[in-house]
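Subject: Structure for your review

Dear colleague,

Please find below the structure that I am handing over to you. I would be grateful if you could look through it before reading my notes.

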Amino acid sequence: MSTVISSIESATDANEKAVQSSMLNPRFYTTDFDAMDRINVSSVRQEWDQMMKEYEGDNNHDHFQRDAQFADEVALHMPQLSPEMRQEFLDFLISSLTSEFSGCILYNEIRKHVNNPDIKQLMTYMARDESRHAGFINQSLRDFGLGIDLGDLKRTKAYTFFKPKYIFYATYLSEKIGYARYITIFRHLEKNPDKRFHPIFRWFERWCNDEFRHGESFALIMRANPHLLRGGNLLWIKFFLLAVYATMYVRDHTRPMLHEAMGLNTDEYDYTVFRITTEISKQVFPLSLDTDNPQFRAGLARLFEISKANDAAKLKGGIAGRLTQAVCAVQAFWTFARLYMMDTLEHELPASTRVVPSW
Ligand SMILES: [Fe+2]
Ligand SMILES: [Fe+2]
């Protein structure tokens, strides 16, 4: 588990940061395309066709363009950032871009490799959206002279293979948690405009509706294949919920200044995002994590402490450093396992799948 943010000073550093694959950095995925090709959504046809119409309508086609004030706001605020804050913000931009581009590549690869018209059409729309998102963030990195070479990243970053069902659980969650993160920041800065230290946050409201819709697509696929949502698969759902929440918690706590600069408390922000994500995910998952349980919260705080100790050991190096890292790995494993063993909350699935983005 590595969270060391080495200083990002040049475009080379930024590109290296994006290509890194660690526990906490966004990954690139590939999957079993033949199995994807066999996905059948006919049992949710009406909801599916409605969703396809929304994609076709493309209400964000003109959203990802900078307005006249963008450059002025950048010029006003960026020189005021402390060097540490600047690093955290760059880290935030690079990891957000990598995760947007990860979706873009995965959806594009699926689109190219399947003949199933429903899946092909969905993937075309989602890749379109993610490519806009990644491109928009990259423009802001270019303002710092730190643009990421996306073609090169695609060629050089390692790919993780996930079976389609793991793609559905993980991608559904990352789309919905992405929505919850963007909307929580947007709503907060709407009330506290003096804390909006970069213009990109003004784009988050319409942006997160794309992520919400992407999540809806995976929700429909899973509801159309209900075996994915019962029996032994519940253990996988629980695993992915915990892995996604824990990763976000540790990653966010390693860059506290970013949230402080917005006037957000990292802990409160993360638990707000978990509450929203849990509420939405009841559309498809019959269980959720008890994130308000003090034992759960203590477990996440412990994971962050272990991650910090691990980073310090990594910096220290040598045999002692490596030993400490090994101890940290064992401690992280057991802390995660204890969190995994906690009781979950259970729900009945609603009759209709779709949820409205009302946060
Ligand atoms: Fe996106
Ligand atoms: Fe998305």
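Predicted model: local features only at pLDDT ≥ 70, side-chain atom pairs only at ≥ 80, totals over all residues.

The protein chain contains 14 helices and 4 strands. Its radius of gyration is 20 Å, close to the 21 Å that the globule rule gives for 359 residues, so the chain is as compact as a globular protein of that length. The C-alpha trace spans about 55 × 50 × 40 Å along its principal axes.

The pair in question consists of helix α3, residues 45-57, and helix α9, residues 204-224. Their axes lie 11 Å apart, and the two helices pack at an angle of about 160 degrees. Because angles over 145 degrees count as roughly antiparallel, α3 is roughly antiparallel to α9. The crossing of these two helices is left-handed.

On the α3 side, the contact is made by E47, W48, M51 and E54; on the α9 side, R213, E216, S217 and L220 take part. Sorted by class, the contact has 4 charged residues, 3 nonpolar and 1 polar. As a general point, an α-helix has 3.6 residues a turn, so residues three or four places apart point the same way.

Two details concern α3 itself. The helix has 13 residues and reaches 18 Å from its first C-alpha to its last, close to the 18 Å expected at 1.5 Å a residue. Just after α3, D58 adopts a positive phi of about 50 degrees.

With kind regards

Conventions:
Residues numbered from 1 in each chain as written. Chains lettered and ligands numbered in written order. Axes fitted to C-alpha atoms, helices over the stretch in contact; angles between N-to-C directions. Parallel < 35°, antiparallel > 145°, perpendicular 65-115°, else oblique. Left-handed = near helix turned anticlockwise from the far one by under 90°. Contact = placed C-beta atoms within 7 Å. Nonpolar A, V, L, I, M, F, W, Y, C, P; charged D, E, K, R; others polar. Expected span 1.5 Å × (residues − 1). Rg over C-alpha atoms; globule rule 2.2 N^0.38 Å.
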